[in-house]
Amino acid sequence: MHLLVGKILLTGATGYVGGRLLRALGEQGADIRALARRPEHLSSRVAPGVQVVQGDLQQRASLTRALDGIHTAYYLVHSMGARGDYSKLDSRAAENFRHAAEEAGVSRIIYLGGLGVSESVLSPHLRSRQETGRILAGGRVQVIELRASIVLGSGSLSFEMIRALCERLPVMVTPRWASTMTQPIAIEDLLRYLLLCLAHSLKGNQVFEIGGPDQVSYLDLMREYARQRGLRRIMISVPFLSPRLSSLWLGLVTPLYARVGRALIESIRNPTLVHDSSALKEFDVRPMGVADAISRAIANEDREFAETRWCDAISSSGPRRSWAGIRRGNRLVDHRQRSVKAVESEAFTPILKIGGDAGWYFVTWLWVLRGWLDLLLGGVGMRRGRRDPDDLQPGDALDFWRVEDVERPHLLRLRAEMKLPGRAWLQWEIKPGTPGHAVIHQTAIFDPAGFLGLAYWYMVYPLHVLVFAGMLRALARRAEYR
């Protein structure tokens, strides 16, 4: 796909869809300008060549510079999480943007709205999304509006809600709204539609309804997620639980904020189905089904998680802490670091030799005991050892771990293959410190499978404190001993 258009303005680049579209546009070699109220929050996250400008959609004068020289503008913002009347904020923002785009001579606005039959009694959120589209289309700039239902992808609001409920609640009381029909779309397919809108030779304003091939309920989505994760879940339907009570309930058991959750629940009460299939004729997109979308979301979540440098993410993002480690989404993290008087290669050497006959440097007998327990449970135990006492390669077995990644002399990541109620990783990363010193970052990560996984982590965490702290001290001593 080649983007044969001029300069592109992207609003909402810090949001879920906008952030992924920013990356997709960059991969296509687009000339991108991103609008942000606080450019300092975005500038460090964009690729070289992306221009970040300050602007506030509530202040029309601030949009002049942002829209200067723009051919196509993406409008991917909403005020659902804002305090106050978000529908009024959305309307004012759309009015400001439409007038500023007209004055700047913008050729096309691409807007992402929401599905829902206009004649029905729509929720305030869906009504606001469709009203925003009408306001944008009321001027001289061509507007292509894509209307979508929920988006399935790693990190999306709907997917995170489904994930959190399924992972944390073995028994769920599901209100009537959980049976409302929807037509989800995978984030990959949504991005393709958004990209194709750039160069499509459409005339006049157009509204396209987009979605995957499956019409399902939130109950169906939760059942499919649980099936793919191997979770047994009991779902009890009840004819009550108001949107307000549901949002407060979500706020207790999921990472969602209650006020966002309420707007989301009110939207779920409306069926969001595709009634006009013209998008399939106009665009070369054949969306994937729900099962594939969820499978890809889980796989992409693992890939993005594996690529994360935890020592950087933890220090910069301020994750939630508790007595049992750090919470990042559904995952639990034990992160420790220690400065050593050694160069990076010297600090990495004992890490590269860990396990097998060399042992785990601290209370190795506990690791052996855990191996025997694993054998009793039908696991691999500690009997595999390691292929080479001095070298590790991706894919190598290492006791009851598997080497997932090695980057000498900076990174070693192991994935657990012992029997666990969840998935686990153990990672070491070497960073430069003060002159003549390196810093060893040691991170244990656990992705619990349901309530049993959470109970396991909290039960063994005091033992983890002892083992992981002692192991890091031992690694530091070996790095400095030469």
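Which residue stands opposite Ile32 in E2? That would be Ile8, and we'll get back to that pair below. Keep in mind that this is a predicted model. The protein has 482 residues, 55% of them buried, and its secondary structure comes to 16 helices and 21 strands.

**The big picture**
- Take the contacts between residues at least 6 apart in sequence: 72% of them join residues at least 24 apart.

**The seven-stranded sheet**
- Seven parallel strands make an open sheet, and if you walk across it you meet them in the order E3-E2-E1-E4-E5-E6-E11.
- At the edges sit strand E3 (51-54) and strand E11 (206-210), each of which pairs on one side only.
- From one strand to the next, the twist averages 20 degrees.

- Helix H7 (residues 187-199) lies across E1, E4, E5, E6 and E11, and runs at about 155 degrees to E5.

**A nonpolar patch on the surface**
- Val171, Val173, Ile234 and Ile236 form a nonpolar surface patch, and together they have about 320 Å² of accessible area.
- Two strands, E8 (171-174) and E13 (234-237), each supply at least two of the patch residues.
- Have a look at Val171, which is found in strand E8: it counts as partly exposed because its relative accessibility is 44%, between the 20% and 50% cut-offs.

- Most residues other than glycine have a negative phi, and most peptide bonds are trans.
- Val363 isn't a glycine, yet its phi is positive, near 40 degrees. You'll find Val363 in the loop between helix H14 (344-352) and helix H15 (364-376), where it is partly exposed with a relative accessible area of 22%.
- Asp399 also has a positive phi, about 55 degrees, and belongs to the loop between strand E17 (397-398) and E18. Asp399 counts as buried because its relative accessibility is 3%, under the 20% cut-off.
- The peptide bond from Arg408 to Pro409 is cis, with omega near -5 degrees. Pro409 is in the loop between strand E18 (401-407) and strand E19 (411-416).

Methods. Residues numbered from 1 in each chain as written. Predicted model: local features only at pLDDT ≥ 70, side-chain atom pairs only at ≥ 80, totals over all residues. Heavy atoms only, no water. Patch = residues over 30% accessible without salt bridge, like charges linked within 9 Å, V, L, I, M, F, W, Y side chains within 5 Å. Areas by Shrake-Rupley, 256 points an atom, 1.4 Å probe, with all protein chains shown as cover. Salt bridge = Lys/Arg side-chain N within 4 Å of Asp/Glu carboxyl O. Helix = DSSP H or I, 4+ residues; strand = E, 2+ residues; numbered from the N terminus. Buried < 20%, exposed > 50% of the residue type's maximum accessible area, 1.4 Å probe, protein only. Pairing = 2+ DSSP bridges. Axes fitted to C-alpha atoms, helices over the stretch in contact; angles between N-to-C directions. Contact = heavy atoms within 4.5 Å.
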